[in-house]
Amino acid sequence: QGLVKSPAEFQAGLAKGTMSLVRNSVSGAFNSVSKLSSSFGKGIASLSMDNSYLKQRQQYDSTQPKHVGDGLYMGAQGLGRGLFEAVTGLVTSPYQGARTSGISGFFSGAARGAVGVVVKPV
């Protein structure tokens with residue numbers, strides 16, 4: 001419709017449409033990457049075989065950041081919590097396994113703890 005009015009209107013409409021296309025394309029790309037990394041993280045976390053960790057992660061994931069600073073803070077907090085859970089899991093998982101199932105529980109707990117070191121920080 002801008003072309004019908006004047007070449008300047010056409011140019012303004014073209015610029016507005018191009019900016020909208022670029023803005024929405026970038027937004028869509030970031031949204032896709034975000035959803036992909038979230039799905040990847042959930043899949044990797046399920047390998048931890050630690051139900052309490054999975055429940056905490058699910059509860060934490062339901063909280064949405066309100067702005068970029070909040071998102072960065074939540075990400076750093078999640079990484080710190082994952083590292084802490086991973087390191088403590090090296091000790092607590094074998095102990096809990098041995099308490100419930102003896103020597104076989106100790107070894108299965110040690111395996112869970114070792115997997116948790118790799119999986120939980122993600």
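I started with helix H2 (residues 7-46) and helix H3 (residues 51-61), which pack at an angle of about 165° with their axes 10 Å apart. Helices here are DSSP runs of H or I with at least four residues, numbered from the N terminus. The axes are lines fitted to C-alpha atoms over the stretch in contact, and angles run from 0 to 180 degrees between N-to-C directions. That angle makes H2 roughly antiparallel to H3, a label for anything over 145 degrees.

Before going on, I noted that this is a predicted model, where local features need pLDDT of at least 70, side-chain atom pairs count only at pLDDT 80 or more, and totals for chains, interfaces and linings use all residues. Residues are numbered from 1 along each chain as its sequence is written, and side-chain values use heavy atoms, with hydrogens and water left out.

Back to the helix pair: I have H2 passing H3 in a left-handed crossing, meaning the near helix is turned anticlockwise from the far one by less than a right angle. Next I looked up who touches whom, with contact taken as heavy atoms within 4.5 Å. From H2 I got Gly-41, Lys-42, Ala-45 and Ser-46, and they meet Tyr-53, Leu-54, Arg-57 and Asp-61 of H3. By class, I count 3 nonpolar, 2 polar and 3 charged residues in this contact. For that tally, Ala, Val, Leu, Ile, Met, Phe, Trp, Tyr, Cys and Pro are nonpolar, Asp, Glu, Lys and Arg are charged, and the others, Gly among them, are polar.

**Tyr-60**

I found Tyr-60 in helix H3. Tyr-60 has a relative accessible area of 22%, so I put it down as partly exposed (buried is under 20%, exposed over 50%, partly exposed in between, with a 1.4 Å probe and protein chains only). Skipping neighbours within four places in sequence, I see Tyr-60 in contact with Met-74, Gly-75, Gln-77, Gly-78 and Arg-81. I also checked Tyr-60 against Ala-12, 48 residues apart along the chain: their C-alpha atoms are separated by 45 Å.

**Glu-85**

Glu-85 sits in helix H4 (residues 68-119). I logged Glu-85 as buried, because its relative accessibility is 18%. Not counting residues up to four places away in sequence, Glu-85 touches Tyr-53, Gln-56 and Lys-120.

**Aromatic rings**

I searched the whole structure and got 1 aromatic pair. The rings of Phe-106 and Phe-107 have centres 5.4 Å apart and planes at 80°, so I call the pair edge-to-face (centres within 6.5 Å, planes over 60 degrees apart). Phe-106 is partly exposed at 34% relative accessible area, while Phe-107, at 53%, counts as exposed.

Technical notes. Phe/Tyr/Trp six-rings, centres within 6.5 Å; stacked < 30°, edge-to-face > 60°. Helix = DSSP H or I, 4+ residues; strand = E, 2+ residues; numbered from the N terminus. Parallel < 35°, antiparallel > 145°, perpendicular 65-115°, else oblique.
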